[in-house]
Amino acid sequence: MYKVDSDYHSKKKYSAKSAVLGRFRGLMRNYEDSYQHKGLRKKLIDLLREKGISDDHVLQAMNNIPRHYFLDSAFDKIAYEDRAFPISEGQTISQPYTVAYQTQLLQLKPNEKILEIGTGSIYQATVLAEMGTKVFTIERQKKLFDKTKLYIFKSRYPNLKFFYGDGFEGLPTYAPFDKILITAAAPFVPPKLIEQLKAGGKMVIPLDEENHQRMLRLTKNADGTTSEEAFENFSFVPMLTGRKG
Ligand code: SAH
């Protein structure tokens, strides 16, 4: 009877220990940017160029950022395929082509103030920060926002700030912005975000049409109206109202 008890206790101890180790491994994932990763990344950049991305600043920024750091380590080997991948909470890290396409449409200049809606994996926000802009990014899901506290490049990008909130509301305290980027499928153009755009500022927004989103670039005119340019169709996860705890 005594023996059974002691086995029971040692098993319990063991599982508690492995749970702690598991969590530790989760935090201590391997952040190595090997020659193999760099080689695959270079190939991805060449592919993006072939697909029509021509802005060298965008391609250079994406070449500088280890995309595999933003994915679960299970995806390490395939992180440089031109594909979207699941992150947590039913969300996705956008396909590299989509990231490059949206970033190119923004026509960024160093030191511009950018608002990004949908932080997700932080990959897109990192590309914006790497391009020397001041980035304000909002996420509505608390669990994803909380992960930003473990962001590996915190000290490398003091120009990147994280917010937990509803992107439809924007960030009035920090407005106006030179550029606004929406990285989820928007059901309509959020009026408060147009208000928070500078005159001459631009918004890149994937706007819902049937079964896909049409990429639009809106430019705010001096009289507050907007001019619209339409580009390719894409597929995004939905932009949803309100915060999710
Ligand atoms: N830019 C991200 C893409 C993530 S997918 C990346 O590089 O990984 C889109 C993200 O938008 C999801 O994390 C989703 O939770 C978030 N989102 C959806 N609606 C939102 C809203 N109203 N405000 C803020 N974030 C929102």
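Colleague: Before we start, what makes a residue count as buried here?
Modeller: A residue is buried if 20 or more other C-beta atoms lie within 10 Å of its own. Keep in mind that this is a predicted model.

Colleague: Fine. Is Ile-122 buried or exposed, then?
Modeller: Ile-122 counts as buried, because it has 26 C-beta neighbours inside 10 Å. Ile-122 sits in the loop between strand E3 (113-117) and helix H5 (123-130).

Colleague: And what is its phi?
Modeller: Phi of Ile-122 is near 80 degrees, which is positive although the residue is not glycine. Most residues other than glycine have a negative phi.

Colleague: Where is Asn-211, and what is its phi?
Modeller: Asn-211 is in the loop between strand E7 (197-209) and strand E8 (212-220). Its phi is positive too, near 65 degrees.

Colleague: Buried or exposed?
Modeller: Asn-211 counts as exposed, because it has 7 C-beta neighbours inside 10 Å.

Colleague: Let me back up. How many helices and strands does the protein have?
Modeller: There are 7 helices and 9 strands. The protein has 245 residues, and 35% of them count as buried.

Colleague: What share of the contacts comes from residues 24 or more positions apart?
Modeller: Such pairs make up 55% of the contacts with a separation of 6 or more.

Colleague: Now H4. How many of its residues are buried?
Modeller: For helix H4 (residues 96-106) the count is 9 of the 11 residues, so the helix is largely enclosed by the rest of the structure.

Colleague: Which ones?
Modeller: The buried residues of H4 are Pro-96, Thr-98, Val-99, Ala-100, Tyr-101, Gln-102, Thr-103, Leu-105 and Leu-106.

Colleague: What follows H4?
Modeller: Gln-107 does, and its phi is positive, near 45 degrees.

Colleague: How far is Arg-83 from Tyr-97?
Modeller: Their C-alpha atoms are separated by 8.1 Å, and the two residues are 14 apart along the chain. Arg-83 lies in the loop between H3 and strand E1 (85-86). With 14 C-beta neighbours inside 10 Å, Arg-83 counts as partly exposed.

Colleague: Since you mention H3, how does it pack with H2?
Modeller: Helix H2 (residues 35-50) and helix H3 (residues 56-64) pack at an angle of about 160 degrees, and their axes are 9 Å apart. That angle makes H2 roughly antiparallel to H3, since angles over 145 degrees count that way. The crossing of H2 past H3 is right-handed.

Colleague: Which residues make the contact?
Modeller: From H2 they are Arg-41, Lys-42, Ile-45, Leu-48 and Arg-49, and from H3 they are Leu-59, Met-62 and Asn-63. By class, this contact of H2 with H3 has 4 nonpolar, 1 polar and 3 charged residues.

Colleague: Last one. Which residues does the cis peptide bond join at Pro-176?
Modeller: The cis bond joins Ala-175 and Pro-176, with omega about 5 degrees. Pro-176 is in the loop between strand E5 (160-164) and strand E6 (177-182). Most peptide bonds are trans.

Note on methods: Residues are numbered from 1 along each chain as its sequence is written. This is a predicted model: local features need pLDDT of at least 70, side-chain atom pairs count only at pLDDT 80 or more; totals for chains, interfaces and linings use all residues. Axes are lines fitted to C-alpha atoms, for helices over the stretch in contact, and angles run from 0 to 180 degrees between N-to-C directions. Helices (H or I, at least four residues) and strands (E, at least two) are DSSP runs, numbered from the N terminus. Angles under 35 degrees count as roughly parallel, over 145 as roughly antiparallel, 65 to 115 as roughly perpendicular and the rest as oblique. A crossing is left-handed if the near helix is turned anticlockwise from the far one by less than a right angle, and right-handed if clockwise. Two residues are in contact if their C-beta atoms, placed from the backbone, lie within 7 Å. Ala, Val, Leu, Ile, Met, Phe, Trp, Tyr, Cys and Pro count as nonpolar, Asp, Glu, Lys and Arg as charged, and the others, Gly among them, as polar. A residue is buried if 20 or more other C-beta atoms lie within 10 Å of its own, exposed if 12 or fewer, and partly exposed in between; C-beta atoms are placed from the backbone.
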